[in-house]
Amino acid sequence: MAHARPIATTRSATGIPTPRLAVWWILASEVVIFGGLLGVYLMHRIGHPEWAEAASHTQTWIGAINTFVLLTSSFTCVLAHQAAEKGNGKEAAKLLGFTILGALMFLMIKSYEWTTEILAGYTITSNTFWSFYYTAAGLHALHVIAGAIIMGFVAVDAFRGRELHRVEIIGIYWHFVDVVWIFLFPLLYIAK
Amino acid sequence: MLESLPQASTYAADIDNLILFIGIIVGVWFFLAEGIFFWLIWKFRAKPGEKSQYLVGKEKHVKQWITIPHALVLVCDVFIVVAAVRVWYDVKQQLPEPDSTIRVIGQQWAWTFQHPGADNELDTGDDIFTVGDLHVETEKTYHFQLQSRDVLHSFSVPVFRLKQDAIPGRSITGWFTPTQTGEFDVQCAEICGIGHGVMAARIHIEDANTHAAWISSASAATTP
Amino acid sequence: MSENNEHHDEHGHDAGHHVNYFKIYVILLILFLISVVGPEVGEATGLRWITLITAFGIAVVKARLVVNNFMHLAWEKRIMKWVLATSLVLMLIMVSGISPDVMNHEGQRWENIAAKAEVERGLAYAAGYAEEESEAEPEVMVAAAFSAESSFGQICATCHGVGGAGDGAAGAALNPPPANFTDPAFWADPARDRDRVITVIRDGAAAVGGSALMAPWGALYTEEQLEQVADYVMSFRPDAD
Amino acid sequence: MADTVADVHQHETHGHDDHHHDQGWVSKYLLSTDHKIIGMQYMFTGMFMAVIGGYMAYVFRMQLAFPGISVPGFGQVSPGEYNALITNHGSIMIFWVAMPVLIAAFGNFLIPLMIGADDMVFPRINRLSFQVFFLSSVVLLLSLFVEGGGFGGAWTSYPPLSANGDYNQTALGATLWLTAVGLEFVAFLLGGINFITTLMNSRAPGMRAYDIPLVCWMIVIASILFMLSVGPLLAGAVMLLFDQTLNTGFYDPARGGDPILWQHLFWFFGHPEVYVVLLPAIGITVDVMATFARKKIFGYKMVLYTAVATGVLSFFVWAHHQFIAGIDPRMANVFTITTLLISVPIAEMLFVMIATLYGGSIQLTTPMLWALSFMAEFLIGGVTGIFLGASGADIYFHDTYFVLAHFHYTFFPIAIIGTFCAFTYWFPKMFGRMMNDTLGKIHFWGTIIPFNFIFIPLFVLGMGGQHRRIYNFQHFPEIAGPEYFQLRQLATISLLIMLAFQLVFFYNVIVSWMRGEKAGKNPWKANTLEWSTESPPPHGNWPVDELPTVYRGPYEYGHPDREEDYWPQHLPG
């Protein structure tokens, strides 16, 4: 739809372009959401040494593969930003496509992991460690899904050479999702 | 209306005095501020042909009108904090040697009281359980262990000026020393479901003889 | 679009920083390997600090690398750094305010009995006492010698009354009102036999189609105790001897 | 910068015209992305919810004053219904009245107008924000009619009562309530990002940070506070939702959870939330006071800095709501100190308000009466808060009617007085016509006087040990005496009078809207930018090539160099 962009959107009193300013604020609010959840988890984890036993049933190598996948997708995402800055929309779209592929791989591995765990009897109600495990990883996975969908739209636009600045915006968001996983990985999988 | 409530514990008067102390401090500020406020409204009401003054509020001698009261508020705060923390420490933090220990258990929607019975020890065979009636002896120091079976409750005894939430899974210890005989309300002060309004109990503060008589009669009733 | 032009002007600030993204990526991968291998070493050698540093220390380094180089926060205006730092500091404040109550299981004049029991149960289970797994007896909070009468007096009587007449203090507010066990009409229904009384006490009245206000109490009693309480309830029956 | 803006103007001229004509009623009023329409949508939804909240107050006040009667328009109140009424009254008044009206409605309406922009920076996100908010209102109202009735676990929703249907007997109502609150938070996160970025980036040329009207600053500071405090509660709400629906044990002590945790998460948000609604109200009253006292604010920066200080401090005080809730008693001392510290910036703001009157030329118009009464009434709320912040006194006062009266003396000035103040002040700008001043004053006195007679008796009752959320006091002999009943009846009758006077307001709005005197651009002779355009402002606020430029601060009243006693921000020279 032909929607006129208000003049307000084009002003930039801070020197930060408005979309990027907004995404930083979104990230600030995400930091407190994940920070709250992980902070609460951390307090429980320290207070409950017996959770080490439950945590030993998580599959570290799957978590590790997923970390690798997300790191790589972050890498392709930043390359897409580089391409977009040079005005190369097609290249940016291709790299964003790789990033989306990374997201899908992450989700597939995640579903496999959860399936095996649930089949082994570790469900969200098994004990509070598992409740935290599924809640935190699930909230993160939701962000992965949302990011991948938005990235799809951005990639299509970028392919047609439109709205190239959005590549950077979705990139910042995507790296944040990666950063959250960087902390989730040791918290849920490694610390025994 | 606070004065119509008896002060039936050792710290009830402390809490009332603290409230009075804070009341005097904030009362002075309140009437001063409202007084000046209404006086200014009257004094500077719009008069035809008179233009308002242009005051920026940047010069130091003008700013004083804000900064000095500002500092005074801070000083008053310090006094209030000291007074409040002293009372708080006395009621909630320190724990005098008890003469007896009782257990208070909240559940939807009644209070169960576990009295130590004749041997003055909890969790023995002669403990006296009552629902809705707490019997204590005046001038004796009691510890209470507060527990809950289901949801949050709050053990509130207005005449003691005492209140403490009961949390399922936890045991919270507190103390009181009754100073006056009589029969008073115990309330639940934390919403606990549809029966919250009926979760009442009575505290019976008795002198030594009456209390001993109650213990023997209650023991006789529960242990056949 | 004019916006894009302006956008690129604004973007001038990081044009001068040609980050070698591939280099950063390789460093991240190396750090990632350390964070996987390190804890294994830590566990094998029993040195807990190795685990903590390699797991969490490396995570912080990795996050910094991503945030600074991929998200370009390093070249962003100072205000956004402050905003993000503030949100992190707030989380620290939150955790330090909450942890005395939630992380600890006891403190001044309070004790978290349930959490302690949970820790103990879990540790015992982890230590390999497999038999503990078989439904460790749920703790009855009032650890006195069990008697159906006193248990009824403590728990049931709040609604059903000490005499079982449905006249307990808490019962007055309930709709439907609590059952009156001394009323012959109540027992007139032949379905109300001993098994059903046990079921209702254990699983709540809703389990047999009754009011949800009669809560399930099964967690409080062993099967044997349940029967005793049920017998005590049955003893209110007017035609019981 | 100026060149760039001019370029953009030319570029955008075309776009706006395209957008403007041939709009149906639906796309103009329901699906509009215009910030003014969205502001109105928020305001009317908020006012509708306020009517529902007021109706609830009427029902349970009747039950308290005349226990057991069949309340006209409701019927007999059962304990479960009573709990649902007080729970939803609290939730509605804070989340669905104070926030949408003060922040979202006036934020949407005022921020672009006051900073000289043609719209919010993300108009479609803005619309989405309202749609999510509207959905949340619908879900909340639905929750009142599901099986078991509305949620009755108080607006604080403490688990285990809220986490388990066996305990609260309103399993579905509780889940819907929680969902509604969660959606509402999402709506305000979306709206908040819009307010913040708009203020930061889209100011008119020449408008420096200290030229922004305080009300805009306050709404944005409030949005930032909201954004940074709500995260942990959102996470906590997901956990509570899982406890309710999936049977997890986050708050179940028997399974390694902790009920205290929710209280911390709730109040870590809940206390900043108080300032989230307070700051916009202060901004509104300060603006109105400056206009009608014809005075520059006595210390613009002081107000701004104290607002920021209040915001920062508000993150350190949350546990004063939990002094006796079972937190470690040593922590209470820390929180007593921080809580009393917060009285310093708040007192300073009120001092500034008082000092602003000095040397003024005070016109007692209806909006000014509201602004002045805000100061007078809020002070009562403020000083009674000291009793509750002092841990020792809180042992007695916690969860009594004293607390209830205290926070109504803060929230009523904020949500009701603040709203009426802003509404009567900006009504000419919103609808292009003046409100009837006589009717406005009748409404003012008919609201303020009964208001005090509702809550002063409740202070007294609280002192007497009457505690909250009890549907009938007959089981507590000490507080069931006739003198207590007289006070309760006094409060209830005052409430009825106050509610009746609101009809005057609605009558006034409708009549003024239809046939009020035409307002013109600047009926109050005020300085800020919104008064430099038509009333009501057209789509795009100003003609595209006439967007204002700012030359001075917003409160230049009574300047000695000028004949008129006001000096609008957009006039050069």
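Two residues are taken to be in contact when their C-beta atoms, placed from the backbone, lie within 7 Å. The structure described here is a predicted model. By that contact criterion, the interface between chains D and B takes 83 residues from chain D and 76 residues from chain B. Eight helices of chain D each supply at least two residues of the side that touches chain B: H4 (79–115), H6 (165–168), H9, H11, H12 (343–357), H13 (366–389), H14 (391–397) and H16 (437–463). Helix H12(D) gives the largest share, 10 residues. By class, this side of chain D has 49 nonpolar, 25 polar and nine charged residues. Five pairs of chains touch, and the pair B and D has the most contacts among them. Chains A and B, by contrast, share no contact. Their closest C-alpha atoms lie 15 Å apart.

Of its 15 residues, 14 are buried, so H12(D) is largely enclosed by the rest of the structure. The helix is followed by D:Gly359, whose phi is positive, near 80°.

Chain D as a whole contains 17 helices and zero strands. Its radius of gyration is 24 Å, close to the 25 Å that the globule rule gives for 573 residues, so chain D is as compact as a globular protein of that length. Along its principal axes, the C-alpha trace of chain D spans about 70 × 50 × 50 Å. Buried residues account for 68% of the 573 residues in the chain.

The next interface is that of chains D and C. Here chain D contributes 27 residues and chain C contributes 23 residues. On the chain D side, H1 (2–20), H8 (214–245), H9 (259–293) and H11 (329–341) each supply at least two residues. The side of chain D that touches chain C has 15 nonpolar, seven polar and five charged residues. Helices H9 and H11 of chain D also each supply at least two residues to the side that touches chain B.

Chains B and C meet in a sheet. An open sheet of seven strands runs in the order E3(B)-E2(B)-E1(B)-E5(B)-E8(B)-E2(C)-E1(C). Its pairing is mixed. Strand E3 (128–131) of chain B and strand E1 (106–107) of chain C stand at the edges. Each edge strand has a single partner strand, so one side of each is left without a neighbour in the sheet. Within the sheet, E1 (residues 100–107) and E2 (residues 110–115) of chain B pair in the antiparallel sense over five bridges. The bridge partner of B:Gly106 in E2(B) is B:Trp111.

Further pairing in chain B involves strand E10 (residues 201–206). This strand has a covered face of B:Ala201, B:Ile203 and B:Ile205. Its uncovered face carries B:Arg202, B:His204 and B:Glu206. Strand E4 (residues 133–137) of chain B runs parallel to E10(B), joined by five bridges. In this pairing, B:Leu134 has B:Ile203 of E10(B) as its bridge partner. Strand E9 (residues 182–188) of chain B runs antiparallel to E10(B), also over five bridges. B:Gly182 stands opposite B:Ile205 in E10(B). B:Asp185 stands opposite B:Arg202 in E10(B).

Strand E9(B) is itself mostly covered, with five of its seven residues buried. Strand E9(B) also pairs with strand E6 (residues 153–157) of chain B, in the antiparallel sense over two bridges. There, B:Phe155 has B:Cys188 of E9(B) as its bridge partner.

In chain A, helix H7 (residues 165–190) has 26 residues. The helix reaches 38 Å from its first C-alpha to its last, close to the 38 Å expected at 1.5 Å a residue. A kink of about 30° lies at A:Leu184, shortly before the proline A:Pro186. Of the 26 residues of H7(A), 26 are buried, so the helix is largely enclosed by the rest of the structure.

Definitions and conventions. Residues numbered from 1 in each chain as written. Chains lettered and ligands numbered in written order. Predicted model: local features only at pLDDT ≥ 70, side-chain atom pairs only at ≥ 80, totals over all residues. Helix = DSSP H or I, 4+ residues; strand = E, 2+ residues; numbered from the N terminus. Expected span 1.5 Å × (residues − 1). Bend = angle between axes of the 7 residues up to and from the residue. Buried ≥ 20, exposed ≤ 12 C-beta atoms within 10 Å, placed from the backbone. Rg over C-alpha atoms; globule rule 2.2 N^0.38 Å. Pairing = 2+ DSSP bridges. Nonpolar A, V, L, I, M, F, W, Y, C, P; charged D, E, K, R; others polar.
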